[in-house]
Amino acid sequence: MNTRKKRLAIVGNGMATCRLLDELLQRGALHRYEVEIFGGERGGAYNRILLSKVLGGDDPDAIVTKPPAWYAARGVTLHDGVSVRRLDTTAKLVETADGTHHRYDVAVLATGSQPLVPPLDGMTTDDGELRPGVFIYRTMEDCLKMRAHARAGDNAVVLGGGLLGLEAAKVLSDGGLHVTVVHAARTLMNAQLDELGGEMLERQIESHGIFVRTGRTVEAVLGADAVDGVRLDDDKTLAADMLVLACGVRPQVEVARASGLPINKGIVVNDTLATEVPGVYAIGECAEHGGRTYGIVSPAWEQAAILADVLTGANPQARYRGSKVYTRLKVAGIDVASMGRIDPELDSDEVIQVVETRRGAYRKLVARGRTLVGAMLVGNTAAAANLVQLFDRGDLLPEDPLEALCPGASLGGDARADRTVCNCNKVSEASLREAISCGAASVEALCLATRAGTGCGSCKTELAQLLARHAPAAKRVVAA
Ligand SMILES: Cc1cc2nc3c(=O)[nH]c(=O)nc-3n(C[C@H](O)[C@H](O)[C@H](O)COP(=O)(O)OP(=O)(O)OC[C@H]3O[C@@H](n4cnc5c(N)ncnc54)[C@H](O)[C@@H]3O)c2cc1C
């Protein structure tokens, strides 16, 4: 029997790879694979979702999930700061941008997404680089550059009023900058909210001191050397010491293209996350499954678990069937959640809306029979946990679907214990209570035992509440 370990090469060291490593290790994969990782960014893996904390001034190390020593201690080879140019899928070689070659038996592409950069006049220097003062918002390096540039009292323009643009705008505004968000669509977050939802969100954003220009875009970046303004498409100008581009992302498929892999929007994979080329897989934001690509982390993590099952043989029948997407705006003081369809699709679809004009809150769901096909919440997300569970698991809506918009009304007893508390990692209240009864006595211990709270971290307050309710008082450690 051949006992030689196979060589597993992973391209990209982002959030999908970080989870894939954990899943592989859990299944004892290092007995059968020598793992070699090529990461375009310097350093170990970090939680990209928490970049806004770094932009806001936190220590970058606080969001690092695997420092370089983690890899070395486990015999995993990390080539950080090394970009891959292509795979030679015939000779089974990884070719790096600096011309070195590395053998592989199995390769995984986890190259994520790249920000969309619109071609604006005056945006780049002669050598094609972004001008100082113009920023994208994707990596630790982007955030550190942005925070080094931003000064209280400066003017910032954020181009793009989606999830990332609003997040960046709020952090900069909290840092004392005068911030204007310019958004091409008529209303903010138009991919996740209908027009009424977008308008209500705009009022909330403005109430935090941020200015919003919807239905407009930036045409040119102004200033001789330093950026001093932007020109909008109505010829008006806005003073700006910095411009942040948050115009969306597209799957990063350059390595796949150069390797001759089938690409559509993303790298096309089947239910085992395999590409058409034997031995080459793709997961995370670069992968396209069932005609869909994803821009949030939970699908990447679901894919990582399936791929680990497949590659280690722990469960050769494991199949990825697609993910249901739930998004939340994680901006302090502004509550927004959205899932599935935001408008009816069929004549028979039922729409239920609750609008609280004075409170500035809006709740809406779209039902098909007794199935929830979409929902959005602005200004009051108390019903989000109920709705996510109904949406994710396809549970039947209450006879009166209005109840699903009213927190607590439709879930009681067992159903409540079964509800999902951490949406990034899909951890239920029942699993958390189980971990508490097995001895997890602090939020950190709960996170470690269940992975809850290790994505966007927004459920940590609820973890603390569950601990307060269910941990034996003698054992409880209160700090969240
Ligand atoms: C500011 C910000 C906030 C976010 N907030 C949320 C949120 O609240 N909730 C949520 O679910 N998601 C959020 N996301 C999205 C989430 O971060 C992504 O879904 C997740 O990171 C995807 O993981 P990935 O591994 O596919 O891609 P990435 O994490 O982007 O990792 C891909 C890695 O591959 C590397 N790479 C690319 N090409 C090459 C190459 N040729 N050679 C070597 N390396 C290469 C890249 O440098 C990168 O490090 C946010 C993203 C950002 C930027």
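1. Glycine 394 comes directly after helix α9 and has a positive phi, near 70°. Helix α9 spans residues 384-393, and seven of its ten residues are buried, so that the helix is mostly covered. The buried residues of α9 are Ala384, Asn386, Leu387, Val388, Gln389, Leu390 and Phe391. Here buried denotes a relative accessible area under 20%, exposed one over 50%, and partly exposed the range in between, with a 1.4 Å probe and protein chains only as cover. Helices (H or I, at least four residues) and strands (E, at least two) are DSSP runs numbered from the N terminus.

2. The model is predicted: local features require pLDDT of at least 70, side-chain atom pairs count only at pLDDT 80 or more, and totals for chains, interfaces and linings use all residues. Residues are numbered from 1 along each chain as its sequence is written, and side-chain values use heavy atoms, with hydrogens and water left out.

3. The protein chain contains 13 helices and 29 strands. Its 480 residues would give a compact globule a radius of gyration near 23 Å, and the chain agrees with this, having 23 Å. This radius is taken over C-alpha atoms, and the globule rule is 2.2 Å times the number of residues to the power 0.38. Along the principal axes, the C-alpha atoms fill a box of roughly 75 × 65 × 55 Å. Buried residues account for 50% of the 480.

4. The chain is divided into domain 1 (6-114 + 250-312), domain 2 (134-247), domain 3 (333-397) and domain 4 (412-480); such bounds come from an automatic or database domain assignment. The centres of domain 2 and domain 4, taken over C-alpha atoms, are 36 Å apart.

5. Which residues come nearest to the ligand? Of the 30 residues around the ligand, these are Ala16, Glu41, Arg138, Glu285 and Lys330; a residue is counted if one of its heavy atoms lies within 4 Å. The shell comprises 13 nonpolar, eleven polar and six charged residues. In this division Ala, Val, Leu, Ile, Met, Phe, Trp, Tyr, Cys and Pro are nonpolar, Asp, Glu, Lys and Arg are charged, and the others, Gly among them, are polar. Domain 1 and domain 2 each supply at least three residues to the shell.

6. An oxygen atom of the ligand lies 2.5 Å from an N or O atom in the side chain of glutamate 285. Taken alone, the ligand exposes 1000 Å², of which the protein buries 90%; these areas come from the Shrake-Rupley method with a 1.4 Å probe. Two or more residues of the shell come from each of α1 (15-26), β2 (33-39) and α5 (163-174). Backbone atoms also take part: a polar one of glycine 40 is 2.9 Å from a ligand nitrogen, and a polar one of methionine 15 is 3.2 Å from a ligand oxygen.

7. Glycine 455 occupies the loop between α12 (443-450) and α13 (460-470). Glycine 455 is buried, at a relative accessible area of 1%. Its C-alpha atom is 7.1 Å from that of asparagine 425, 30 residues away along the chain.

8. Is threonine 357 buried or exposed? Threonine 357, in the loop between β25 (350-356) and β26 (361-368), is exposed, with a relative accessible area of 65%. Threonine 357 and methionine 200 are 157 residues apart in sequence, with 9.0 Å between their C-alpha atoms.

Methods:
Polar contact = N/O pair within 3.5 Å; in protein donor to acceptor, adjacent residues only side chain to side chain.
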